[in-house]
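Hello,

Below is the structure I said I would pass on. My notes follow it.

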Amino acid sequence: MSYSIGILVGSLRKDSFSKKIALAISKKLPEDFEGKLIDISRLALFNQDLEAEPPQEWLDFREEVKSSDGVLFVTPEYNRSIPAVLKNALDVASRPYGQGAWQGKPGAIASSSPGKIGGFGASQHLRQAAVCVGLEVMGSPEFYLGGVHEILDGNGDVSGAY
Ligand code: FNR
């Protein structure tokens, strides 16, 4: 039996630290877990007017979430909250009302920042919304990685004591 973990990265930046951390975590998953990045960059901004005829990328995204056994969010912090692109993804897959793709799915959150508090504010905001959409968010272990820019080597791998 193999478990598929959908990984959502809260940054669209080409050299995103969050993406590097997501890939580093993915490499460390146990053998029977497979991490797959789910692209959230092309999702149209959520607009309730589009719900009657949702854009194809919304439908594809919802299916990708549904087909994952669990999801991992790896996010930076923007202004003590989560980047809009990640909130948009949460909203898109939370609908149609009562049939959201997140419902009952195991979820985990990892935040990081070059700053010292490791995106704690983003993580807490994300937890609030994730619980609201029905994700079964792990309470522990907690993951707030400060000084992220100092721990990645040239290959994007996590170095040293980590
Ligand atoms: C930031 N950054 C930031 N960092 C932090 O620790 N707390 C914060 O509230 C914010 N706010 C914030 C807002 C905006 C609009 C930007 C662009 C940046 C800095 C942020 O942690 C840094 O740019 C990271 O490198 C972004 O993550 P990625 O893109 O490297 O994954």
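Where does R80 lie? R80 is in the loop between β3 and α3, with strands (E, at least two residues) and helices (H or I, at least four) taken as DSSP runs numbered from the N terminus.

The model is predicted, so local features need pLDDT of at least 70 and side-chain atom pairs pLDDT 80 or more, while totals for chains, interfaces and linings use all residues. Residues are numbered from 1 along each chain as its sequence is written, and side-chain values use heavy atoms, without hydrogens and water.

R80 has a positive phi near 65° and is exposed, at 53% relative accessible area (exposed is over 50%, buried under 20%, partly exposed in between; 1.4 Å probe, protein chains only). N79, in the loop between β3 (70–75) and α3, has a positive phi of about 50° and is exposed at 78%. Most residues other than glycine have a negative phi, and most peptide bonds are trans.

Both N79 and R80 belong to the ligand's surroundings, which also include S11, S18 and S113 (a heavy atom within 4 Å). The protein covers 69% of the 620 Å² of accessible area that the ligand has on its own (Shrake-Rupley method, 1.4 Å probe).

Two peptide bonds to note are cis: R95 to P96, and S140 to P141. P96 is in the loop between α3 (84–92) and β4 (106–113), and P141 in the loop between β5 (136–137) and β6 (144–146).

Regards
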